[in-house]
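Welcome! Have a look at the structure, then try each task before reading on.

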Amino acid sequence: MKRILAFVVLATAAIGGGANAAAPISKIQSMLAKPEQLCGRFEQTKQLAGMKKPLASSGRFCVVAGKGVLWRTLKPFPNTLRLKRDEIVHLQGERVSMRLDASQEPTVRMINGVLFSLLAGDLGQLDSLFEVDGSVAGDSWKVTLKARSPALARAIGAISLDGGAYVRGIRMVEESGDRTDISFTDIKTGPGAVLPEEAALL
């Protein structure tokens, strides 16, 4: 759930609180680019409470409007997570190790509904799930998301983001004290952004 939420935030390339968004949030929305295709690299570290050494992973991600989101972990172990409108699929190599279908799993419908509504520029669902606050300094911005429901807060904790034209970083802090940091680099947009092997998976 926490990783998928990161995809949702990344995929939108837009943060907002609906028609009544506060001035900083409206400003942030105007700063963010909204390409049809966006790919890049990610570095993720997860610091577990009580452990000294964080867990690290890295790889590539792609977001293609109308198709979905691809999250390819390359290190330490290759695996792929693919989100489409009606399903979430986890791949180990070419083998499907998990498939969640929206017709059978309400959580999938909620997650993908938020994802694709945001891709379409409908920010209402984000506002219904989170209290959104933000600040702007020059060409950079920061945003915090606070879950409105206690159940969602327990599941994902507190979320903060920063960026400019694109999201550069996401931090998720859980109630247990576990912390996940994701940074995004080497952002490319347009038809050449998606590698051939990635296009085959979307």
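**Exercise 1.** Find the residues that Pro-24 touches beyond its close sequence neighbours.

*Solution.* Keep in mind that this is a predicted model. Start by setting aside the neighbours within four places in sequence; Pro-24 is then in contact with Gly-134, Ser-135 and Val-136.

**Exercise 2.** Decide whether Pro-24 is buried, partly exposed or exposed.

*Solution.* Take the relative accessibility of Pro-24, which is 33%. Buried means under 20% and exposed means over 50%. Pro-24 therefore counts as partly exposed.

**Exercise 3.** Locate the largest nonpolar core and the residues with the most contacts inside it.

*Solution.* This core has 27 residues, and Trp-141, Ile-159, Leu-161 and Phe-184 have the most contacts inside it. Its largest share, 4 residues, is supplied by strand β8, residues 140-147. A second, separate core has 7 residues, among them Cys-39 and Leu-70. As background, nonpolar side chains in soluble globular proteins tend to be buried together. Finally, go back to Pro-24: its C-alpha lies 8.8 Å from that of Trp-141, although 117 residues separate the two in sequence.

**Exercise 4.** Look at the backbone at Pro-76 and at Asp-186.

*Solution.* First, the peptide bond leading from Lys-75 to Pro-76 is cis, with omega near 0 degrees. Pro-76 sits in the loop between β3 (68-75) and β4 (79-84). Second, Asp-186 is not a glycine, yet its phi is positive, near 55 degrees. Asp-186 lies in strand β11, residues 179-189, and is partly exposed at 42% relative accessible area.

Key. Residues numbered from 1 in each chain as written. Predicted model: local features only at pLDDT ≥ 70, side-chain atom pairs only at ≥ 80, totals over all residues. Heavy atoms only, no water. Core = buried A, V, L, I, M, F, W, Y, C linked by side-chain atoms within 4.5 Å. Buried < 20%, exposed > 50% of the residue type's maximum accessible area, 1.4 Å probe, protein only. Helix = DSSP H or I, 4+ residues; strand = E, 2+ residues; numbered from the N terminus. Contact = heavy atoms within 4.5 Å.
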